[in-house]
Amino acid sequence: MLPANASPAVLDGDAPYRLLSDGRLLQTAGTLAVLDPATEQPVGQAPDCPPELLDATVLAGQAAFPAWAARPLAERAACLVALGKAVEANADPLARLLTAEQGRPLAMARQEVLTCVHWCRQVARMEQPVAEHTDPAGVRWETRRVPLGVVAAVVPWNFPLMIAVIKLAPALLAGNTVIVKPSPFTPLATLRLGELAAGIFPAGVLNVLSGGDALGPQLTAHAGIAKVSFTGSTATGRRVMASAASTLKRLTLELGGNDAAIVLPDVDVPRVAKKLFMGAFLNSGQICIAAKRIYVHESVYEAFAQAFAAIAGAAKVGPGADERSLIGPVQNRPQYERVKELVEATRAAGHRFIAGGELPAGPGYFIPPTVVDNPPDDARVVVEEPFGPIVPLLRYADVDEAVRRANASEWGLGASVWSQDVAQARAIAGRLQVGTVWINTIHLLNPHAPFAGRKQSGLGVENGVEGLMEFSAPQTLAVA
Ligand code: NAD
């Protein structure tokens, strides 16, 4: 293990991408090409983990578990701090790599890297509660938290590094060993994270395995995995839940969303239009907690729609590596095709675009920010999660109606309320069937604040002490 004062490792950008398994950085016979979504050209080749290496990695995680779990909390926390320091020292190459494989503009990729640093440092400060009680018969009851074993962290392509760190940091702090599996579309920055971790954690404690579509199901069904922490689509989440049933794995599922934003009549229209524009289109709309249905009071609807469409029309769409770009490409070809089909279906249904709607010729999966003017509630663009740069503006007449329509969704991830009257916004928040409500802001996550989806948006909690406790089980001692 690295001493706390050691200098962080420096990544070699020319080195081949390697898996981290049992403390060793490995290449594999098979590889997967990772494409830059702005150019459709290869960025690098990721290892394709074969089933026998997955088995060996799970065994290594199990072997490393008892000693890691037995280490004092402060030592596990120190490793997380060291990982944060190493990520910070390599922030620039990691951000460039994220932009190349994920597509997002560089400033936002850098933000993601720095969020990872922040998470490592903050999670390292957390502790789990211990409950103690002596009953009238003199029996002393103590309930403390114990780790589970090998945790599988399954990550999507929209925030590859951040979502990996949100899972691995609390899992490791709680005393588990971890196998991180990035999406086949965006494994490269996570493999580099594995290289940094190799010099910090004991062998087998943190492993990073990339692979094709077969690897996720093999990992989540593996009998040696104690818990799956999954972020991805609701459809895949259901499959993960089914695959966990045979061995009763513990599960945390962070799934899709169709977040409503409710704009009250008293807002500063230009200001809120600007904030909600990024709320809807940051990362090309590929954020689980993006504003995906924007309900605007009829008294300000026209002004809001005009301001919003003007911002959308002026937004520079282009490669993330170009500093002038505000909106990068959609991350991958299948997602591009899905969003393109939704744009075409929305047009074919006769709904009006007030911005965007025309897709440029390739190369690159570019879709300009597309704004739909007050489609009916049963329009696909309202009912579905587009997970791309298209959003409907929806006119409402009174708050009760807005709340009812916002809640009329199978998802319940987040929502935002926009008003100068914070007391009223709080009252509305209390009526929304979602896990997080932002008031006059959006997208913010905090390592100390629980994040949990309701309805089809997930199961369990991430972040905060509650999220940390999902990586442990209660163990009660009764001492007579
Ligand atoms: P996805 O469900 O296709 O894939 C997510 C991960 O699961 C990838 O690593 C993938 O390889 C793996 N996977 C795929 N099939 C699997 C299976 N059968 N068993 C095990 N693993 C499997 O999701 P995506 O397209 O990468 O991401 C987009 C979705 O993620 C959106 O619906 C979005 O809302 C959701 N998301 C949710 C949150 C949240 O915190 N709630 C955050 C980000 C993204």
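Reader: What makes Ala423 and Arg426 of helix H14 exposed?

Author: Exposed means a relative accessible area over 50%, buried means under 20%, and partly exposed is in between, computed with a 1.4 Å probe on protein chains only. Ala423 and Arg426 are on the exposed side of that scale. The model is a predicted one, where local features need pLDDT of at least 70, side-chain atom pairs count only at pLDDT 80 or more, and totals for chains, interfaces and linings use all residues. Residues are numbered from 1 along each chain as its sequence is written, and side-chain values use heavy atoms, without hydrogens or water.

Reader: Which residues of H14 are buried, and how do you know that they line one face?

Author: In H14 (residues 422-429), the buried residues are Ala425, Ile428 and Ala429. Seen down the helix axis, the buried residues of H14 fall within an arc of 105°, so they line one face. That arc is taken from the directions that run from the helix axis to the C-beta atoms. Ala423 and Arg426 are on the other side of H14. An α-helix has 3.6 residues a turn, so residues three or four places apart point the same way.

Reader: Why is Glu323 called exposed?

Author: The relative accessible area of Glu323 is 73%, so Glu323 passes the mark for exposed. Glu323 is in the loop between helix H10 (298-314) and helix H11 (333-348).

Reader: What makes E12 and E13 a pair of strands?

Author: Two strands pair if DSSP finds at least two bridges between them. E12 and E13 run parallel and are joined by 5 bridges, so they pair. Ile262 stands opposite Tyr295 in E13. E13 also pairs with E16 in the parallel sense, over 4 bridges, and the bridge partner of Tyr295 in E16 is Leu394. As for cover, 7 of the 7 residues of E13 are buried.

Reader: What is the hand of the crossover from E12 to E13?

Author: The chain goes from E12 through helix H9 (residues 269-281) to E13, and this β-α-β crossover is right-handed. That word applies if, with the strands pointing away from the viewer, the path from the first strand over the helix to the second runs clockwise.

Reader: Why is one space called a cavity and another a pocket?

Author: On a 1 Å grid over the protein atoms alone, a cavity is a set of points where a 1.4 Å probe fits but cannot get out, while a pocket is an open set with protein on both sides within 12 Å along at least five of seven lines. The structure holds 5 cavities of 30 Å³ or more. The largest cavity has a volume of about 90 Å³. The largest pocket holds about 1,200 Å³ of space.

Reader: What makes a residue part of a lining?

Author: A lining residue has an atom within 4 Å of a point of the space. For the largest cavity 16 residues do so, and Arg293, Ala406, Trp411, Gly414 and Val434 are the closest to its centre. The largest pocket is lined by 43 residues, with Trp157, Gly232, Ser233, Thr236 and Arg338 nearest its centre. Helix H8 gives the most to the lining of this pocket, with 7 residues.

How values were computed
Grid points are joined across faces, edges and corners, and a volume is the space filled by probe spheres set on the points. Helices (H or I, at least four residues) and strands (E, at least two) are DSSP runs, numbered from the N terminus.
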